Amino acid sequence: MSTLERARCGLRAHPLAADAALAAGVLACMAAGSFAAPQGHHGLTWSIRTPAVLSLVLMLAGAAALVFRRRAPRTVLAVTGTVSLVECVTGDPRAPVAMSAVIALFTVAATTDRSTTWRLGLLTMTVLTAAAMLAGPLPWYAQENLGVLAWTGIGATAGDAVRSRRAVVQAIRDRAERAERTREEEARRRVAEERLRIARDLHDVVAHHIALVNVQAGVAAHVMDKRPDQAKEALAHVREASRSALDELRATVGLLRQSGDPEAPTEPAPGLSRLEELADTFRSAGLPVSVARADQGTELPAAVDLAAYRIVQEALTNVRKHAGPEAGAEVSVVRVGPNVEVTVLDDGPGTPDGPEAGRAFGDGGGHGLLGMRERVTALGGTLTTGPRYGGGFRVHAILPVKTTTAQGEPV
């Protein structure tokens, strides 16, 4: 951060000090103007003059009022307008006390609405200009009198322009924040709706067939010894019901597959036992991956094992897609008490779309990290993600070694 930027941040953090510095600068400009007098027909030469004591007092009062311009802008305008009015009527030679009123009018216009700016601006311009023209020591057509009209008008116009620009910038920021919140809420809503739909479909598919299997199995057990033929018929019904349930489950899950997914899995669900194989696939794609494990002897439930594998898979996919061509990744799996901790780190600077933009949802508009968090939360674990200090990204999941059912019984 440069010296100028640090100074700006300091002034924003201490507005009273900033206003005091502005008041000192205005006082210096008014004092310089009061001691300089133009000479010649066109005012091309300057001489030194001595302002009246009253003018110096009025300049000091106007500048002191500007220190509080943000706390009470209308009161400061009234004070500076009063001292400027007195100077316009009594000042001979004239001192630029009206400069303090111009700054106060600018502040009022920048902090209030347009109608208030019009009312107070026209009032200030009319009173000061009329007093200078009708009651001042100079002729009504003097250049100094017209200057009062011009500078007060400029102060009101400039303040209104600043207020309009701030309103536009704030509106843009509000729209951006609202759009970001809407995007996150929409992503969460879609994930929740999808989970509800899958649960409803699976319930409809499984409930009837499982009930039928239960009934037929009970019949088979009841008549197995006395009527084996009827028991065989019941077992045939069990087989047919289970086959129908599997077919419908396959069809339901098939609706969730993407167009490029295989037709059906032909191998067990992956787990941490295949972690090195997963790392090799990314190494062959050009991503250096190192794997460290300290969970030897830990037997994980199938859901936890699959979740850990999917977390590593999703995290490494994000590294490959968003961390840049020179990035490397580190994967660690550690058993810590009743939990297993899975961590994926990378040292990539990120692609031009930015690590936050690219990884916020995993794959640029998808639900990668959001789906990962849903998976971890469903198992009773926690997931933290974010940029690393010095560059790169970190994905850290804590998964319980023993999960629980909906009734709270350990599995």
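In what follows, contact means heavy atoms within 4.5 Å. Helices (H or I, at least four residues) and strands (E, at least two) are DSSP runs, numbered from the N terminus. The model is predicted: local features need pLDDT of at least 70, side-chain atom pairs count only at pLDDT 80 or more, and totals for chains, interfaces and linings use all residues. Residues are numbered from 1 along each chain as its sequence is written, and side-chain values use heavy atoms, with hydrogens and water left out.

Two packed helices are described by the angle between their axes and the distance between the axes. Axes are lines fitted to C-alpha atoms, for helices over the stretch in contact, and angles run from 0 to 180 degrees between N-to-C directions. Helix 2 (residues 15-35) and helix 3 (residues 53-66) have axes that come within 8 Å and cross at roughly 160 degrees. That makes helix 2 roughly antiparallel to helix 3 (angles over 145 degrees count as roughly antiparallel, and those under 35 as roughly parallel). In helix 2, Asp-19, Ala-23, Val-26, Leu-27, Met-30, Ala-31, Ser-34 and Phe-35 meet Leu-56, Met-59, Leu-60, Ala-63 and Leu-66 of helix 3. Sorted by class, this contact of helix 2 with helix 3 has 11 nonpolar, one polar and one charged residues (Ala, Val, Leu, Ile, Met, Phe, Trp, Tyr, Cys and Pro count as nonpolar, Asp, Glu, Lys and Arg as charged, and the others, Gly among them, as polar).

Further along, helix 4 (residues 73-90) packs with helix 6 (residues 114-134) at an angle of about 15 degrees, their axes being 8 Å apart. Helix 4 and helix 6 are therefore roughly parallel to each other. Residues of helix 4 that meet helix 6 include Arg-74, Leu-77 and Gly-81, and among their counterparts in helix 6 are Thr-116, Leu-120 and Thr-124. The contact of helix 4 with helix 6 has nine nonpolar, four polar and one charged residues.

The UniProt record (unreviewed entry) places a "transmembrane region" at residues 46-68 and 120-142, though such annotations may be inferred rather than shown by experiment. In the model, residues 120-142 are 65% helix and 0% strand, with end C-alpha atoms 24 Å apart.

Five strands form an open sheet in the order 3-4-5-7-6, with mixed pairing. Strand 3 (289-294) and strand 6 stand at the edges, each with a single partner strand, so one side of each has no neighbour in the sheet. Strand 4 (residues 329-336) pairs with strand 5 (residues 339-346) in the antiparallel sense over eight bridges. Strand 6 (residues 382-387) and strand 7 (residues 393-400) are also antiparallel, pairing over six bridges; there, Thr-385 has Val-395 in strand 7 as its bridge partner. Five residues separate strand 6 from strand 7 in a hairpin, and Gly-390 in the turn has a positive phi of about 95 degrees.

Helix 9 (residues 275-284) lies across strand 3 and strand 4, running at about 165 degrees to strand 3. Helix 9 also packs with helix 10 (residues 302-322) at an angle of about 10 degrees, with their axes 11 Å apart.

Note on methods. Pairing = 2+ DSSP bridges. Parallel < 35°, antiparallel > 145°, perpendicular 65-115°, else oblique.
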